[in-house]
Amino acid sequence: MPNEEILGVAKLINESKRVVVLTGAGISVESGIPDFRGPDGLWKRFSPDKVGTITSFLSNPEDWWKIAQEIAPVFFNAEPNPGHIAIAELEKMGKVEAIITQNIDGLHQKAGSKNVIEVHGNVRNASCIQCKKKHSIEYVVSEVGKGNFTPQCTECDGIVKIDVVMFGEMLPEEAISEAYRLAQECDLLIVVGSSLVVYPVAALPGMVLNRGAKTVIINEEKTGYTKYADYHIYGKAGKILPQVVEALKEI
Ligand code: APR
């Protein structure tokens, strides 16, 4: 028998017409990918100033690539977990309109989600920072694998960078405007696995609340929006979300 909170969230989803999900790194932790600010987060091991900013990347791409090479296997071997699969099922059931994700791992798409808005880019492509020419991730991985920690553009010899948004960079215009549009139009935003501290994405729940729409947070830790949310279910997304789907099927 689902507990009261699970039932309450399932009822909210059932009553809502336009449900949007916003995910962060926490939903991929059960797939083996560390988050950033949780107890074993990446920013506990590496300094975001040293490896997370565009200036640190440009001033010392070697360092960035060496760290990327260390965590790359975790990324490329990761599989969707029951949390990703539950969200894909909600979309298939017609209960979720879109998934806005801060994650770059592509696990929502791998789980079968269709309408995924990647506001922080993805690790599937790379681009030359000078002439913007697109390069495959395979090209970059093979260059770094050969010990070339500054993969060059095959067109202009510029530096090639993976298409993920680093601190100090603009977010992909189309993705973030779509995310804003969805936050302005949904009647329920479900946040999963995000500390909600990085803007502009962290502004989305406030946009939803300011319109009197509903919010649900599924997260292991408290967030700045927890006190305003209709529900904050503490715990693992991979455990909670399948229970929400099951409860929804019972309604
Ligand atoms: N289930 C639910 N929540 C979890 C789980 C889990 N299995 N594992 C971790 N969490 C929670 C953590 O408690 C934490 O509050 O997920 C949250 C992850 O927060 P962050 O690590 O800050 O990740 P995120 O919010 O996605 O960070 C936003 O910051 O560094 C940048 O670009 C990076 O996209 C990232 C952005």
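**A loop residue and its surroundings**

Reply: D157 is found in the loop between α8 (137-145) and β6 (160-164); helices (H or I, at least four residues) and strands (E, at least two) are DSSP runs, numbered from the N terminus. The model is a predicted one, in which local features need pLDDT of at least 70, side-chain atom pairs count only at pLDDT 80 or more, and totals for chains, interfaces and linings use all residues. Residues are numbered from 1 along each chain as its sequence is written, and side-chain values use heavy atoms, with hydrogens and water left out.

D157 is not a glycine, yet its phi is positive, about 70 degrees. Most residues other than glycine have a negative phi, and most peptide bonds are trans. With a relative accessible area of 60%, D157 is exposed; buried means under 20% relative accessible area, exposed over 50%, and partly exposed in between (1.4 Å probe, protein chains only).

K132 also has a positive phi of about 70 degrees without being a glycine. Its loop runs between β4 (121-128) and β5 (134-136), and K132 counts as exposed at 58%. In the loop between β7 (188-192) and α10 (204-210) lies P200, which is joined to Y199 by a cis peptide bond with omega of about 5 degrees.

Next, the cysteines. The count of disulfides is 0, a disulfide being a pair of cysteine sulfur atoms within 2.5 Å. C128 is in none, and the nearest cysteine sulfur, that of C156, is 3.5 Å away. C128 is buried at 1% relative accessibility, and C186 is buried at 1%.

H108, in helix α7 (residues 107-110), is buried as well, with a relative accessible area of 1%. Leaving out residues up to four places away in sequence, H108 touches T23, I27, H84, I87, I99, T101, S113 and V116, where contact means heavy atoms within 4.5 Å.

Finally, helix packing. Helix α6 (residues 82-92) packs against helix α11 (residues 237-250) at about 30 degrees, with axes 7 Å apart. Axes are lines fitted to C-alpha atoms, for helices over the stretch in contact, and angles run from 0 to 180 degrees between N-to-C directions. The two helices are therefore roughly parallel; angles under 35 degrees count as roughly parallel, over 145 as roughly antiparallel, 65 to 115 as roughly perpendicular and the rest as oblique. On the α6 side the contact includes P82, A86 and L90, and on the α11 side G238, L241 and V245.

P82 in α6 is partly exposed at 46%. Beyond residues up to four places away in sequence, P82 touches G238 and P242.

Helix α1 (residues 4-15) and α11 have axes that come within 8 Å and cross at roughly 60 degrees, so α1 and α11 are oblique to each other. Their contact joins I6, L7, V9, A10, I13 and N14 of α1 to I240, Q243, V244, A247 and L248 of α11.
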